[in-house]
Amino acid sequence: MTTRGRPFYEALDAQDELAAFRDEFDLPDDRVFLNGNSLGAPPKSTWDRLSRTVRQEWHQDMNAAWWTHGWLDLPTTVGDRIGHLVGAAPGQVVVGESTSVNLFKLLCGALQLQSGRRTVLTDHDNFPSDLYIADGVAHHVHPGAQVTRVDADTIPDALDEDVAVVVLSHVDYRTGRILPMNEINKRAHAVGSLVLWDLSHSAGVVPLALDTDDTDLAVGCGYKYLNGGPGAPGYLYVSTRLLPDIQQPITGWLGHAAPFSFEADYRPAPGIGRLTTGCPPLLSLVALDEGISLTARADPALVRAKSSALTELFIELAGERLAPHGCSVLSPRTPAHRGGHVALRHRAARRLVERLATEGYMAELRVPDLLRFGLSPLFVRYVDVWDSVTALERILADAPGDPAEDQP
Ligand SMILES: *Cc1c(COP(=O)(O)O)cnc(C)c1O
């Protein structure tokens, strides 16, 4: 049992080297956002940037702005900024469609590169959209392919010469568990398989070294820890090794080698541009650029250290104060195996998340019985951890509720 109270957490905030970042976000005073891993917070600079884009660039230059303001290159310039954040040298990341569509493109590309192999291997607990996309690709695009879902722990054992590609989330969207990227890449490469990683819950909070880890392919989300705003486009990564040969099925004009020569037949662009399709969502893209630029200013080692400290303190407090009320911690106990969020399990999860929200603590429900707390280190404070656990403890003690109403 620790005897630390709120002042201990206030002191941690006072010493926090990342504390100043919180002022760069437009946050309401009356709520604590513990769901920044679902939708990040708005950087204050985003509004100015959007306004400048519309009122100066678009207004003044109209169509010419695609060239005069570098709009056409933004998918790759912003891509390179993300690349920097995830340990990728320039020219391997491009921003464009949603994460799901990016996954579709890369999965099709991987199956084509691996022709002769039939299996797409994935984790049965993977994010549903990733599972649906894999099934959709096998059903509609590569009818010879078959999707095999296994427990994440057994991925290395399930690898064989028939596995074309392994599709995994680096950080589990429910539990926050981190999979060992480098090790899985190595095991897969040993049997000639590729690995396609979904970085949605890791980029911006968990250090990544895509090039060093010899990663093949990856996709990720722009609106979570990257604070790109609602519906911000996602991104995709293709290693330099695979770039010359990879193809993708949505062969639109902007992925063409010479879009403005308006040729009758498709020729893929030589670089990462071949993964693009049509006009980029420009306003969303500039908002994403602001989010990334802000994230990129924070030292990744400090971000990871604070993130681990926040989740560690949350888990410690939950063990002391929530466990007696039947709330268990689902996330890994070892900090190195845990991403930026914590999941608690309680049969009344829905009711508890709703009650927390009425008190201004914005956590999330993952049906049927999980409460998910995203502790974005750039704007969540140590006192927020203390206050939210305190609120939850009080709610549990005050209103245990009628268990008959809760999930079995
Ligand atoms: C949030 C999230 C996505 C987002 O998918 P969209 O297609 O951009 O809506 C994808 N994968 C994972 C693992 C996620 O957590």
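In this predicted model, Arg6, Tyr9, Glu10, Leu12 and Asp13 of helix α1 meet Tyr382, Val383, Trp386 and Asp387 of helix α12. The residues of this contact comprise 5 nonpolar and 4 charged, with no polar ones. Helix α1 spans residues 6-15 and helix α12 residues 382-398; their axes lie 7 Å apart and form an angle of about 155°. Angles over 145 degrees count as roughly antiparallel, and α1 and α12 are therefore described as roughly antiparallel to each other.

Trp386, one of the α12 residues in this contact, also has a charged group over its ring: Arg321 lies over the face of Trp386, at 4.6 Å from the ring centre. A further case involves Phe127, whose ring face has Lys224 over it at 5.6 Å from the ring centre.

Aromatic pairs form another theme, and the whole structure contains 10 of them. In the pair of Phe8 and Tyr9, the ring centres are 5.2 Å apart and the planes stand at 85°, so the arrangement is edge-to-face. Tyr9 is buried, with a relative accessible area of 1%, whereas Phe8 is partly exposed at 29%.

Phe314 and Phe373 form a tilted pair, with 4.7 Å from centre to centre and 45° between the planes. This pair links distant parts of the chain, since Phe314 belongs to helix α10 (residues 300-322) and Phe373 to strand β13 (residues 370-374), 59 residues apart. Phe314 is buried at 1% relative accessibility, and Phe373 is buried with a relative accessible area of 0%.

Elsewhere, ring pairs join Trp67, Trp253, Phe260 and Phe262 into a cluster.

Note on methods: Residues numbered from 1 in each chain as written. Predicted model: local features only at pLDDT ≥ 70, side-chain atom pairs only at ≥ 80, totals over all residues. Heavy atoms only, no water. Axes fitted to C-alpha atoms, helices over the stretch in contact; angles between N-to-C directions. Helix = DSSP H or I, 4+ residues; strand = E, 2+ residues; numbered from the N terminus. Parallel < 35°, antiparallel > 145°, perpendicular 65-115°, else oblique. Contact = heavy atoms within 4.5 Å. Nonpolar A, V, L, I, M, F, W, Y, C, P; charged D, E, K, R; others polar. Phe/Tyr/Trp six-rings, centres within 6.5 Å; stacked < 30°, edge-to-face > 60°. Buried < 20%, exposed > 50% of the residue type's maximum accessible area, 1.4 Å probe, protein only. Lys NZ or Arg CZ within 6 Å of the ring centre and 35° of its normal.
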